[in-house]
Amino acid sequence: MERQAISPRLDWHAKVEEIGLTYHTHDDGPYWDESAYYQFSAREVDELEAAGNTLHELCLEAAGAVVENGLWDRLAIPKAAVPVIQASWERDDFSLYGRFDLAYDGAGPPRLLEYNADTPTALLEASVAQWFWLKDSFAAADQFNSIHERLIEAWKALASGRVHFASVKDHPEDEQTVLYLQDTCHQAGFDTRRLAIEDIGWSKQLGRFTDLEDEKIETAFKLYPWEWMWHEEFGEHLAEEPARFIEPAWKMLLSNKGLLPILWELFPNHPNLLPCFESPEPLGDNYAQKPKLSREGANITLVENGAPVENTDGEYGEEGFVYQALANLPDFGGNHPVMGVWIVNHEAAGLGIREDSRRITGNLSRFVPHLF
Amino acid sequence: MLSGSLAGAGLVGCGQDDPGVTADNAYTNNHYVRGAGYYHAPYHAWYPHPYNHYIPGQGYYHGGSWTPQPSTHTTTASKPTAQAAQLATAQHHNATRSRFGTSRGGFGGSSRSGIS
């Protein structure tokens, strides 16, 4: 595993905008960064792929243990959500995708930092943008990336005629991500409709969620976290299960960092896991404190020798924290990459890398392409 | 920039949901009418997607068609045809008469700066 510097394509702005990556730059610099790339060996790619598949299986087993043993409080699951999650789990409701964030240096095994199983983003970058970068820059090389094809294939397993796609208004990254997913669904042969999450209606008369044309929403992809939905005005209607959502309700178990200590209890010393507990004591003076529910790397504190050495702000943490052993993130000239292994329809399908000068990956961390 | 023919006419901007559309008013690109969609000034009518809306693999949407390149038409505001105004008004009434006691805005209140 190596990090190589390279000259960006001269027209890279236009190239990535053309495929929908309009959010390539933020106020502090580039988000899409093709001034470097990561080079892997085939063995390393195999190792990442295997880790993704293994970890997904472990997470499903751990989620099953939560359901079977009623460990809802350990994940701070709202009481009203429990029967909906149980039913969704029993039906094995359709799950499209997720993204593992792994610490990996090419030497030791990949280790799980967290599973973005409900609302992962950086998808268009991983699936399309870096693929076109590869074809332009290293046409003979390969990439761990069959995300696009797998997404289209995955949709075909869905038993529904029409799929609505919803994201929050005025958020280009979310809007473009959902547009991309809508396109993959359309390519799979479905009738697709778009609306903002804020525009979803509730019809008292029908007892159904509706779109702006007052048509029933049967199946909806929502780039909007379940835990937010449960706490909002329409959350009370979710218990009536008036629509099927993608990702499904059972994904609340996998996207919750409260699952990490349960994983460690069920599979102690597994090579793809980091020790994780519900209190810091077993880890001594060195650990990462993470909220059970948080996004974009918010409200994380890294503690070394008993003192905080790095932390991020945010609005999360009211549901409690977990304490994870510090990961050994590689350091390439001050850049710390995190491996995002994509799971599509329960199988590892590709890799996207975010890097940062900090050890906590946040919403400004750069996306850097890769090859092998 | 507005053309001279629109001088003196009322101008309705995008981002509004105005049911009272008429052929006497001028509308800017992407003026939204629920049920009718988004106004495309060069085409003098409302369409289901925003002007130059882009979907990977499909292209850019304008005037009811998808093309590989975005429309570069310079008209950013215009008056709709009488037929288009009538149709948009009817579509709006159909969409908003709350046949089913629909309420909206019950999701989205927790939205923060990013998802994951």
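Student: What makes A:Phe100, A:Tyr115, A:Leu254, A:Ile343 and A:His346 contacts of A:His56?

Tutor: Contact means heavy atoms within 4.5 Å, and A:His56 touches these residues when those up to four places away in sequence are not counted. The model is predicted: local features need pLDDT of at least 70, side-chain atom pairs count only at pLDDT 80 or more, and totals for chains, interfaces and linings use all residues. Residues are numbered from 1 along each chain as its sequence is written, chains are lettered from A and ligands numbered from 1 in the order in which they are written, and side-chain values use heavy atoms, with hydrogens and water left out.

Student: How far apart are the C-alpha atoms of A:His56 and A:Ile343?

Tutor: They are separated by 7.9 Å, although the two residues are 287 apart along the chain.

Student: Why is A:His56 called buried?

Tutor: Buried means under 20% relative accessible area, exposed over 50%, and partly exposed in between (1.4 Å probe, protein chains only). A:His56 has 2% relative accessibility, so the residue counts as buried. Its place is in helix α2 (residues 42-69) of chain A; helices (H or I, at least four residues) and strands (E, at least two) are DSSP runs, numbered from the N terminus.

Student: What makes A:Glu34 and A:Arg9 a salt bridge?

Tutor: The term requires a side-chain nitrogen of Lys or Arg within 4 Å of a carboxyl oxygen of Asp or Glu. Here the closest N and O atoms are 2.7 Å apart. A:Glu34 lies in the loop between β3 (29-30) and β4, and A:Arg9 in the loop between β1 and α1 (12-18) of chain A, so the pair ties together parts 25 residues apart in sequence. A:Glu34 is buried at 2% relative accessibility, and A:Arg9 is buried at 11%.

Student: Which parts does the salt bridge of A:Glu278 with A:Arg74 tie together?

Tutor: The closest N and O atoms of this pair are 2.8 Å apart. A:Glu278 lies in the loop between β13 (276-277) and β14 (287-291) and A:Arg74 in the loop between α2 and α3 (82-91) of chain A, so parts 204 residues apart in sequence are joined. A:Glu278 is partly exposed, because its relative accessible area is 37%.

Student: How do you know that β4 and β21 of chain A pair?

Tutor: Two strands pair if DSSP finds at least two bridges between them. Strand β4 (residues 36-39) and β21 have 2 bridges, in the parallel sense. A:His370 in β21 is the bridge partner of A:Tyr38.
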